Amino acid sequence: MQRVAVFVFGLALLAGAGFWWLTRPQGLDDADIATLMALDADPERGAGVFWAGGCAGCHSAPGAEDDDAPVLSGGQRFETEFGVFIAPNISPHPDHGIGTWGRADFANAMMRGISPQGAHYYPAFPYTAYALADLQEIADLQAFIATLPPSDAVAPEHELAFPFTFRRGIGLWKARYLGEDWVLQGDLSPEVERGRHLVEALAHCAECHTPRDSFGGLDRAAWMEGAPNPSGDGRIPGITPGALGWSRQDIALYLESGFTPEFDVAGGSMAAVVRAMARLTPADRDAIAAYLLALE
Amino acid sequence: MPFRTPLLASILGLATAGAVLADTNPAVDARQAQFTLYAHNLAVVGSMAQGRMDYDADAAQTAADNLYHLTRHDQGRMWPEGTDNASIEGTRALPGIWEDLDDFTAKFVALQEAAESLQAVAGDGLDALRPAVGQLGAACAACHDANRAER
């Protein structure tokens, strides 16, 4: 009897250790960190990454106005079936923002979803997309964010129910969903390849426009086919050529002006996306259109 | 039996018509018609601003005049209580409109002002038209952002 208890205890210990090992936060490898630290960061290039990534769309205060230098105070609420996620302050404030983060801290947050203290971030923060960004872009982005106004706002905690309060479990989620390759494969023109980089790595369009499986991972087989609105009202439209039926010019002009070909005006979460996309170069908006038309 | 079949059909027909009638609301129809007319005129100045259509001062001014007058149409009977998307089908109007009518009104006033600015410059060339169309689009977006549900 005692031997059985010892055996069961040993098994539980092993299972626990296995879980602990599987779910451990894993940052960028040493070679990537070495490359990253040797880069020269340019805040002007970083501004391009910032607007392509749509950072301000989620991290500015609720209802904030369109601004060249947005205050990334956080506080917007994102309702999902897992609970309510609240965007944190990522302004360069030293205590309440990310002003004291090193470059490796920033890159591990963006590309591996790990805080400087080594905790997993919830994938409401789309690091699975940013993992495909270039290290140079990450360094430039951090340099740009450092030029924005600091905010001492403190965003409330996420409102999640057990078991989603258990961050360690995100390690398992990451083992399944982090580190995927590009969705659109094949011999691509330079323009479509640029569009792919913008859409899949930076602008993370799929986070809303692609449905999710029951674990909250993107269903890559239904890429950009539209999805239920996570906050419950209506649907996020599909943006494949078949679902949208828009020309290259229609897409590019929509991203610039917010006007659909029927001259409806974008609203909802897409209004903030368009405000950011309007700041890209026309060539980049064309590249996004070319990418979307290359799907299917 | 030969009598009952047409009778049944007409009862069913009436019931169907009743169901359709129950889904339409004159106030909702009126406000949606108004949005359609906004888009009808925005298409002219918007297409010019976007470069889809060559600039034409007369056509731009006519569309801008229309938008000015359309945004002066009194809204008083278009937004009765109970016509939000949680209460009825066939609308994307969010309940928040009625929870903060002052904000809704302020956003409508911003639209009126943008239409007035556009009317003032629409005939003055493409460089004058473009920012004014942008301002009008931003006024539309501000309200859609807050008060209109996804499809």
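Which residues does Ala252(A) touch, not counting residues up to four places away in sequence? They are Arg285(A), Asp286(A) and Ala289(A), where contact means heavy atoms within 4.5 Å. This is a predicted model, in which local features need pLDDT of at least 70, side-chain atom pairs count only at pLDDT 80 or more, and totals for chains, interfaces and linings use all residues. Residues are numbered from 1 along each chain as its sequence is written, chains are lettered from A and ligands numbered from 1 in the order in which they are written, and side-chain values use heavy atoms, leaving out hydrogens and water.

**Around Ala252(A)**
- Helix H12 of chain A (residues 248-257) holds Ala252(A); helices (H or I, at least four residues) and strands (E, at least two) are DSSP runs, numbered from the N terminus.
- Ala252(A) counts as buried because its relative accessibility is 8%; buried means under 20% relative accessible area, exposed over 50% and partly exposed in between, with a 1.4 Å probe and protein chains only.
- A distance of 7.5 Å separates the C-alpha atoms of Ala252(A) and Ile288(A), which lie 36 residues apart along the chain.

**The sheet in chain A**
- Three strands make an open, antiparallel sheet in the order S1-S2-S3, where pairing takes at least two DSSP bridges between two strands.
- S1 (77-80) and S3 (159-160) of chain A are the edge strands with a single partner each, so one side of each has no neighbour in the sheet.
- S1(A) is joined to S2 (residues 83-86) by four bridges, and Thr80(A) has Gly83(A) as its bridge partner in S2(A).

**Chain B**
- Chain B has six helices and zero strands.
- Of its 151 residues, 35% are buried.
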